[in-house]
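Hi,

Here is the structure I promised to pass on. Have a look, and then read my notes below.

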Amino acid sequence: MADKMWNVAAYTRLSRDDGDKAESDSIGSQKEIIRAFVRDRDDMVIVKEYVDDGYSGVNFDRPDFQQMLADIKAKRINCVICKDLSRFARNYIDSGRYLEKIFPFMGVRFIANAVIFCLELAIRSLPFLD
């Protein structure tokens, strides 16, 4: 059992709707990447998946992002995972404020580029050919 348990917010975002589907394909892919990342760790559990499908990343006026912040303030979440930094935000000054000031102050761990970790796990599991 791990010393510290990370209660994960799996945050996904896409700035445009994907036709008439209830949820865009990219959102589904982002969720699976985050789930795969967490699946191999005994110190993490996904508490909630937050989805802002059809919302721009240039500001933080997104319903599930705001709900995630409320859950962080209520101490339900202490780790945020995104597929990559661009899914979190497109405004790098504002995102830097969260990543360097707000989240550390609140004791929140932030993980982006989960896809890289999943690829590393997949590569490690490939059989080597002689």
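Which residues have the most contacts inside the largest nonpolar core? They are Phe-65, Met-68, Ile-72, Val-80, Phe-88 and Phe-103, in a core of 16 residues. By nonpolar core I mean buried Ala, Val, Leu, Ile, Met, Phe, Trp, Tyr and Cys residues joined through side-chain atoms within 4.5 Å; buried is under 20% relative accessible area, exposed over 50%, and partly exposed in between (1.4 Å probe, protein chains only). Strand 1 (6–14), helix 2 (63–73) and helix 4 (92–106) each supply at least two residues of this core, and helix 2 gives the most, with 4. Helices (H or I, at least four residues) and strands (E, at least two) are DSSP runs, numbered from the N terminus.

Before going on: this is a predicted model, so local features need pLDDT of at least 70 and side-chain atom pairs pLDDT 80 or more, while totals for chains, interfaces and linings use all residues. Numbering starts from 1 along each chain as its sequence is written, and side-chain values use heavy atoms, leaving out hydrogens and water.

Now the charges. There are 8 salt bridges (a side-chain nitrogen of Lys or Arg within 4 Å of a carboxyl oxygen of Asp or Glu). Arg-35 pairs with Glu-32 at 3.9 Å, N to O; both sit in helix 1 (residues 25–39), 3 residues apart. Arg-35 also meets Glu-49 at 2.7 Å, which links helix 1 to strand 2. Arg-76 bridges to Asp-71 at 2.8 Å; Asp-71 counts as buried because its relative accessibility is 6%, whereas Arg-76 is partly exposed at 46%.

Cheers
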